[in-house]
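Open the model in your viewer and keep the selection tool ready. We will go stop by stop.

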Amino acid sequence: MKHIIQHDIDEFKEWVTEDDIMIVDRGFRDALDLLQEMVEDSNVTRLVTKIRWVVESVNGRIKSWKYLDRVLPNSQIPFVSDYVNIACAIMNKYWPELNTGDLEQDEQLASKMLYLSKQKNLLHEKIIEEGLDKRSCKWQKIDASSAPTFPRLSEEDIRNITVGVYQLKLAPCYTREHLDDDGSYEIFYM
(Lines give C-alpha, C1' and ligand atoms only; values in the text may rest on other atoms or scores of the structure.)
Protein backbone atom coordinates (compact mmCIF):
# COMPACT_ATOMS: atom_id res chain seq x y z
CA MET A 1 0.00 0.00 0.00
CA LYS A 2 2.80 2.42 0.89
CA HIS A 3 4.52 1.68 -2.41
CA ILE A 4 1.29 2.29 -4.33
CA ILE A 5 0.65 5.58 -2.52
CA GLN A 6 4.22 6.81 -2.92
CA HIS A 7 4.80 5.73 -6.52
CA ASP A 8 1.45 5.40 -8.26
CA ILE A 9 -0.54 8.15 -6.54
CA ASP A 10 -2.34 9.34 -9.69
CA GLU A 11 -3.57 5.86 -10.48
CA PHE A 12 -4.49 5.32 -6.82
CA LYS A 13 -6.60 8.50 -6.77
CA GLU A 14 -8.57 7.27 -9.80
CA TRP A 15 -10.06 4.32 -7.92
CA VAL A 16 -10.34 5.73 -4.39
CA THR A 17 -12.92 8.34 -3.43
CA GLU A 18 -13.70 10.16 -0.19
CA ASP A 19 -15.45 8.06 2.47
CA ASP A 20 -14.47 4.77 0.79
CA ILE A 21 -14.15 1.87 3.20
CA MET A 22 -11.17 -0.41 2.63
CA ILE A 23 -11.04 -3.95 3.91
CA VAL A 24 -7.40 -5.06 4.01
CA ASP A 25 -5.22 -7.50 5.90
CA ARG A 26 -3.07 -6.48 8.87
CA GLY A 27 -0.06 -5.57 6.73
CA PHE A 28 -1.97 -2.68 5.20
CA ARG A 29 -2.49 -1.02 8.59
CA ASP A 30 1.08 0.28 8.34
CA ALA A 31 -0.10 2.65 5.61
CA LEU A 32 -2.82 4.37 7.69
CA ASP A 33 -0.56 7.26 8.77
CA LEU A 34 0.52 7.80 5.17
CA LEU A 35 -3.11 7.80 3.98
CA GLN A 36 -4.08 10.37 6.65
CA GLU A 37 -1.10 12.54 5.67
CA MET A 38 -2.19 12.32 2.03
CA VAL A 39 -5.67 13.64 2.95
CA GLU A 40 -4.19 16.53 4.91
CA ASP A 41 -1.78 17.30 2.06
CA SER A 42 -4.69 17.48 -0.38
CA ASN A 43 -6.23 20.28 1.69
CA VAL A 44 -2.97 22.24 1.57
CA THR A 45 -2.69 21.50 -2.17
CA ARG A 46 -5.93 23.42 -2.79
CA LEU A 47 -4.16 26.58 -1.62
CA VAL A 48 -1.24 25.90 -3.95
CA THR A 49 -3.62 25.32 -6.86
CA LYS A 50 -5.12 28.79 -6.38
CA ILE A 51 -1.77 30.41 -7.13
CA ARG A 52 -0.26 27.79 -9.44
CA TRP A 53 -2.21 29.19 -12.38
CA VAL A 54 0.38 31.99 -12.66
CA VAL A 55 3.15 29.44 -13.17
CA GLU A 56 1.02 27.51 -15.66
CA SER A 57 0.20 30.75 -17.50
CA VAL A 58 3.88 31.60 -17.81
CA ASN A 59 4.62 28.08 -19.06
CA GLY A 60 1.81 28.50 -21.59
CA ARG A 61 3.30 31.79 -22.74
CA ILE A 62 6.71 30.21 -23.19
CA LYS A 63 5.17 27.37 -25.21
CA SER A 64 3.44 29.91 -27.46
CA TRP A 65 6.82 30.36 -29.12
CA LYS A 66 6.84 27.92 -32.02
CA TYR A 67 10.38 26.73 -31.32
CA LEU A 68 9.66 26.06 -27.64
CA ASP A 69 6.30 24.30 -28.02
CA ARG A 70 7.74 20.87 -28.88
CA VAL A 71 10.32 18.35 -27.78
CA LEU A 72 13.71 19.54 -28.93
CA PRO A 73 16.56 17.37 -30.21
CA ASN A 74 19.41 16.64 -27.79
CA SER A 75 21.76 18.68 -29.97
CA GLN A 76 19.84 21.80 -28.89
CA ILE A 77 20.34 21.26 -25.13
CA PRO A 78 23.31 23.68 -24.87
CA PHE A 79 21.20 26.48 -26.42
CA VAL A 80 17.73 25.98 -24.91
CA SER A 81 18.45 28.06 -21.81
CA ASP A 82 19.52 31.01 -23.97
CA TYR A 83 16.42 30.71 -26.15
CA VAL A 84 14.10 30.57 -23.13
CA ASN A 85 15.86 33.59 -21.60
CA ILE A 86 15.45 35.57 -24.83
CA ALA A 87 11.77 34.61 -25.17
CA CYS A 88 11.10 35.51 -21.51
CA ALA A 89 12.90 38.85 -21.85
CA ILE A 90 10.73 39.75 -24.85
CA MET A 91 7.57 38.68 -23.01
CA ASN A 92 8.55 40.63 -19.89
CA LYS A 93 9.16 43.77 -21.95
CA TYR A 94 6.20 43.69 -24.33
CA TRP A 95 3.48 41.38 -23.01
CA PRO A 96 0.96 42.40 -20.34
CA GLU A 97 1.62 41.33 -16.76
CA LEU A 98 -0.22 38.33 -15.35
CA ASN A 99 -0.72 39.72 -11.86
CA THR A 100 -2.12 42.96 -10.53
CA GLY A 101 1.26 44.13 -9.29
CA ASP A 102 -0.42 45.24 -6.05
CA LEU A 103 1.64 43.59 -3.30
CA GLU A 104 -0.74 44.67 -0.53
CA GLN A 105 -3.75 43.23 -2.37
CA ASP A 106 -1.86 39.99 -3.03
CA GLU A 107 -0.92 39.68 0.67
CA GLN A 108 -4.54 40.31 1.72
CA LEU A 109 -5.72 37.61 -0.67
CA ALA A 110 -3.13 35.14 0.67
CA SER A 111 -4.14 35.91 4.26
CA LYS A 112 -7.81 35.40 3.40
CA MET A 113 -7.06 32.08 1.71
CA LEU A 114 -5.10 30.84 4.76
CA TYR A 115 -7.87 31.98 7.10
CA LEU A 116 -10.59 30.27 5.05
CA SER A 117 -8.57 27.06 4.76
CA LYS A 118 -8.72 26.67 8.55
CA GLN A 119 -12.49 27.28 8.85
CA LYS A 120 -15.09 24.56 9.20
CA ASN A 121 -16.67 23.56 5.94
CA LEU A 122 -20.30 24.28 6.84
CA LEU A 123 -21.61 23.04 3.51
CA HIS A 124 -19.84 19.71 3.96
CA GLU A 125 -21.22 19.41 7.50
CA LYS A 126 -24.76 20.08 6.23
CA ILE A 127 -24.35 17.45 3.50
CA ILE A 128 -23.24 14.86 6.06
CA GLU A 129 -25.85 15.82 8.71
CA GLU A 130 -28.75 15.69 6.25
CA GLY A 131 -27.46 12.61 4.45
CA LEU A 132 -27.42 14.46 1.16
CA ASP A 133 -24.41 12.43 0.06
CA LYS A 134 -26.41 9.22 0.46
CA ARG A 135 -29.63 10.24 -1.30
CA SER A 136 -30.30 9.54 -4.91
CA CYS A 137 -30.81 12.72 -6.86
CA LYS A 138 -32.78 13.59 -9.92
CA TRP A 139 -31.38 16.37 -12.00
CA GLN A 140 -34.00 18.61 -13.57
CA LYS A 141 -33.56 20.85 -16.54
CA ILE A 142 -34.07 24.51 -15.82
CA ASP A 143 -34.94 27.38 -18.15
CA ALA A 144 -35.36 31.11 -17.69
CA SER A 145 -39.06 30.83 -16.81
CA SER A 146 -38.57 28.18 -14.11
CA ALA A 147 -35.28 29.42 -12.70
CA PRO A 148 -35.24 30.12 -8.98
CA THR A 149 -34.40 33.67 -8.03
CA PHE A 150 -30.69 34.06 -7.66
CA PRO A 151 -28.94 37.20 -6.48
CA ARG A 152 -27.10 39.28 -9.02
CA LEU A 153 -23.42 39.21 -8.22
CA SER A 154 -20.90 41.84 -9.17
CA GLU A 155 -17.46 40.85 -10.36
CA GLU A 156 -16.15 41.89 -6.93
CA ASP A 157 -18.69 39.55 -5.23
CA ILE A 158 -17.51 36.69 -7.42
CA ARG A 159 -13.86 37.49 -6.66
CA ASN A 160 -14.67 37.33 -2.95
CA ILE A 161 -16.44 33.98 -3.29
CA THR A 162 -13.70 32.41 -5.43
CA VAL A 163 -10.85 34.14 -3.55
CA GLY A 164 -9.14 35.48 -6.65
CA VAL A 165 -9.34 35.60 -10.40
CA TYR A 166 -8.40 32.05 -11.41
CA GLN A 167 -11.97 30.79 -11.84
CA LEU A 168 -13.00 34.06 -13.51
CA LYS A 169 -10.27 33.63 -16.10
CA LEU A 170 -11.44 30.06 -16.77
CA ALA A 171 -15.13 30.96 -17.09
CA PRO A 172 -15.13 31.94 -20.81
CA CYS A 173 -13.25 28.74 -21.75
CA TYR A 174 -15.52 26.61 -19.61
CA THR A 175 -18.62 28.21 -21.14
CA ARG A 176 -17.36 27.73 -24.73
CA GLU A 177 -16.54 24.11 -23.93
CA HIS A 178 -20.15 23.40 -22.90
CA LEU A 179 -22.01 25.31 -25.60
CA ASP A 180 -24.31 23.38 -27.91
CA ASP A 181 -24.10 23.75 -31.69
CA ASP A 182 -26.75 26.47 -31.57
CA GLY A 183 -24.69 28.57 -29.08
CA SER A 184 -26.65 27.70 -25.91
CA TYR A 185 -26.30 25.21 -23.13
CA GLU A 186 -28.58 23.44 -20.74
CA ILE A 187 -28.56 24.02 -16.99
CA PHE A 188 -29.72 21.34 -14.57
CA TYR A 189 -30.36 21.47 -10.83
CA MET A 190 -31.44 19.05 -8.15
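The tour starts with the whole chain and then moves to single residues.

**Before you select.** This is a predicted model, in which local features need pLDDT of at least 70, side-chain atom pairs count only at pLDDT 80 or more, and totals for chains, interfaces and linings use all residues. Residues are numbered from 1 along each chain as its sequence is written, and side-chain values use heavy atoms, with hydrogens and water left out.

**Whole chain.** Colour by secondary structure. The protein has eight helices and two strands. Helices (H or I, at least four residues) and strands (E, at least two) are DSSP runs, numbered from the N terminus. Along the sequence the pattern reads α-α-α-α-α-α-β-α-α-β. Of the 190 residues, 11% are buried. Buried means under 20% relative accessible area, exposed over 50%, and partly exposed in between (1.4 Å probe, protein chains only). Now show the surface. Accessible areas come from the Shrake-Rupley method with a 1.4 Å probe; for residues, only the protein chains shown count as cover.

**Stop 1: Arg61.** Select Arg61 in helix 3 (residues 32-63). Arg61 is buried but has no salt bridge. A salt bridge is a side-chain nitrogen of Lys or Arg within 4 Å of a carboxyl oxygen of Asp or Glu. Which side chain of opposite charge is nearest to Arg61? It is Glu97, 8.8 Å away. Lys and Arg count as positive, Asp and Glu as negative; His and the chain ends are not counted.

**Stop 2: Asp69 and Arg70.** The structure holds one salt bridge. Asp69 and Arg70 form a salt bridge, with the closest N and O atoms 3.0 Å apart. Asp69 counts as partly exposed because its relative accessibility is 42%. Arg70, at 46%, is also partly exposed.

**Stop 3: a nonpolar patch.** Select Tyr67, Phe79, Tyr83, Ile86, Ile90, Tyr94 and Trp95. They form a nonpolar surface patch with about 680 Å² of accessible area together. Patches are made of residues with over 30% relative accessible area and no salt bridge: like charges are joined within 9 Å, nonpolar side chains (Val, Leu, Ile, Met, Phe, Trp, Tyr) within 5 Å. Ile86 sits in helix 4 (residues 77-94).

**Stop 4: a negative patch.** Finish with Asp102, Glu104, Asp106 and Glu107, which form a negative surface patch. The place of a charge is taken as NZ of Lys, CZ of Arg, CG of Asp or CD of Glu. Glu107 lies in helix 5 (residues 103-117).
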